[in-house]
Amino acid sequence: MMFSPVHRFRDIERKPEYLHPEKCIPPPRPGSLGTMWFIRDGCGIACAVITWLLVIYADFVVLFVMLIPSRNYIYSAINGVVFNSLAFLALASHFRAMLTDPGAVPKGNATKEFIESLQLKPGQVVYKCPKCCSIKPDRAHHCSVCKRCIRKMDHHCPWVNNCVGENNQKYFVLFTMYIALISLHALIMVGFHFLYCFEEDWTECSSFAPPTTVILLILLCFEALLFLIFTSVMFGTQVHSICTDETGIERLKNEDPTWERTVSWEGMKAAFGGDFSLNWFNPFSTVANKTDVALAAVASGTASGSREGCSEGCSQDLDESEEVKS
Ligand SMILES: [Zn+2]
Ligand SMILES: [Zn+2]
């Protein structure tokens with residue numbers, strides 16, 4: 001899922017024309033913000049469709065090769081309900097991760113009026129993204145696929161065809177967790193099926209011919225093992241990121257934190273929306289959108305911080321790779 005975000009560190013060029021805020025187009029009218037978030041990226045859409053097809057394939061093999069032909073009805077019923085519930089939650093999390101605005105900074109808000117309205121004090125620095133012409137809040141990064149600056153961008157994940165950022169990280173974490181769980185569940189069921197079928201007559205074990213059954217099961221095994229490793233590593237990395245309050249990009253860049261870390265449990269509460277409850281595992285519960293808070297912080301100048309190194313009325317681009325001391 002990490003498609004080397006390293007190349008994006010240098011996506012901000014020092015071009016003189018960007019230093020003039022009057023070149024920025026005015027921000028879009030508030031009405032257009034209500035439209036659905038969906039990234040039109042061919043590679044991302046293909047990866048998202050492949051994800052659904054892989055889940056559908058696993059469900060097909062689990063149901064029609066293993067559970068329905070089995071004569072142990074209680075075993076089939078319990079496993080069928082558990083597997084399908086987890087698969088449903090995985091797909092729901094996938095849709096929420098894909099269709100939720102990850103925390104995009106309003107495009108083109110770096111207008112002269114807006115910068116003046118910030119009433120920057122001498123020595124205060126704001127960052128402007130030359131690509132989407134927006135004032136970047138602290139910890140926001142520009143994503144070249146989404147073509148937007150994303151607050152607390154972790155990485156762009158083609159499998160969910162979206163950036164993983166402040167507002168959709170919960171759904172992404174749930175997606176990796178549920179995929180890991182269905183993979184593990186499928187592996188256990190395949191294990192039991194092989195044990196059971198080596199003792200029994202193969203023709204009694206599956207409604208498919210033995211070679212077809214074996215091929216379908218081996219493919220499922222391979223898929224489940226691959227995704228169990230992939231998603232559990234991703235899940236661990238994400239939870240670690242949340243608990244240490246450091247995004248994937250910040251970790252790769254080895255940035256000195258300029259923000260006040262909200263560590264461990266507080267970080268989890270912030271990412272999952274409130275105190276620990278079953279809602280943490282519910283992809284349908286909505287995490288409070290932090291957009292308004294963040295914008296208010298930018299407008300009052302707090303999010304941009306009062307860093308040293310820039311003179312009055314500053315709207316300069318700073319290369320992202322430049323080190324900024326707090
Ligand atoms: Zn940008
Ligand atoms: Zn992106």
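How many helices and how many strands does the secondary structure of the chain come to? In this predicted model, the answer is nine helices and six strands. Of the 326 residues of the chain, 37% count as buried, and among the contacts with a separation of 6 or more, 76% are accounted for by residues 24 or more positions apart.

**The largest nonpolar core**

- The largest nonpolar core holds 58 residues, of which A90, F175, Y178 and I182 touch the most other members.
- Two or more residues each are given to this core by helix 1 (42–67), helix 2 (73–99), helix 4 (169–199) and helix 6 (210–244), and also by strand 1 (127–129), strand 4 (148–150) and strand 6 (162–164).
- Helix 4 provides the largest share of this core, namely 14 residues.
- When its neighbours within four places in sequence are left aside, A90 is in contact with V55, F175, Y178, I179 and I182.

**Segments annotated as transmembrane**

- An unreviewed UniProt entry places the feature "transmembrane region" at residues 43–67, 73–92, 171–196 and 208–230.
- In the model, residues 43–67 are 100% helix and 0% strand, and the end C-alpha atoms of this span lie 35 Å apart.
- Residues 73–92 are likewise 100% helix and 0% strand, with 28 Å between the end C-alpha atoms.

**Helix 1 against helix 4**

- The axes of helix 1 and helix 4 come within 11 Å and cross at roughly 25 degrees; because angles under 35 degrees count as roughly parallel, these two helices are described as roughly parallel to each other.
- Helix 1 passes helix 4 in a left-handed crossing, and the contact is made by A58, V62 and M66 on the helix 1 side and by I182, A186, M189 and H193 on the helix 4 side.

**Helix 2 against helix 4**

- The axes of helix 2 and helix 4 come within 8 Å and cross at roughly 155 degrees; since angles over 145 degrees count as roughly antiparallel, helix 2 is roughly antiparallel to helix 4.
- This crossing of helix 2 and helix 4 is also left-handed, and the residues of helix 2 that make the contact include V82, F83, L86, A90 and A97, while those of helix 4 include F172, F175, Y178, I182 and M189.

How values were computed:
Residues are numbered from 1 along each chain as its sequence is written. Chains are lettered from A and ligands numbered from 1 in the order in which they are written. This is a predicted model: local features need pLDDT of at least 70, side-chain atom pairs count only at pLDDT 80 or more; totals for chains, interfaces and linings use all residues. A nonpolar core is a set of buried Ala, Val, Leu, Ile, Met, Phe, Trp, Tyr and Cys residues joined through C-beta atoms within 7 Å. A residue is buried if 20 or more other C-beta atoms lie within 10 Å of its own, exposed if 12 or fewer, and partly exposed in between; C-beta atoms are placed from the backbone. Helices (H or I, at least four residues) and strands (E, at least two) are DSSP runs, numbered from the N terminus. Two residues are in contact if their C-beta atoms, placed from the backbone, lie within 7 Å. UniProt positions are given in the numbering used here, feature names are shortened, and annotations may be inferred rather than shown by experiment. Axes are lines fitted to C-alpha atoms, for helices over the stretch in contact, and angles run from 0 to 180 degrees between N-to-C directions. Angles under 35 degrees count as roughly parallel, over 145 as roughly antiparallel, 65 to 115 as roughly perpendicular and the rest as oblique. A crossing is left-handed if the near helix is turned anticlockwise from the far one by less than a right angle, and right-handed if clockwise.
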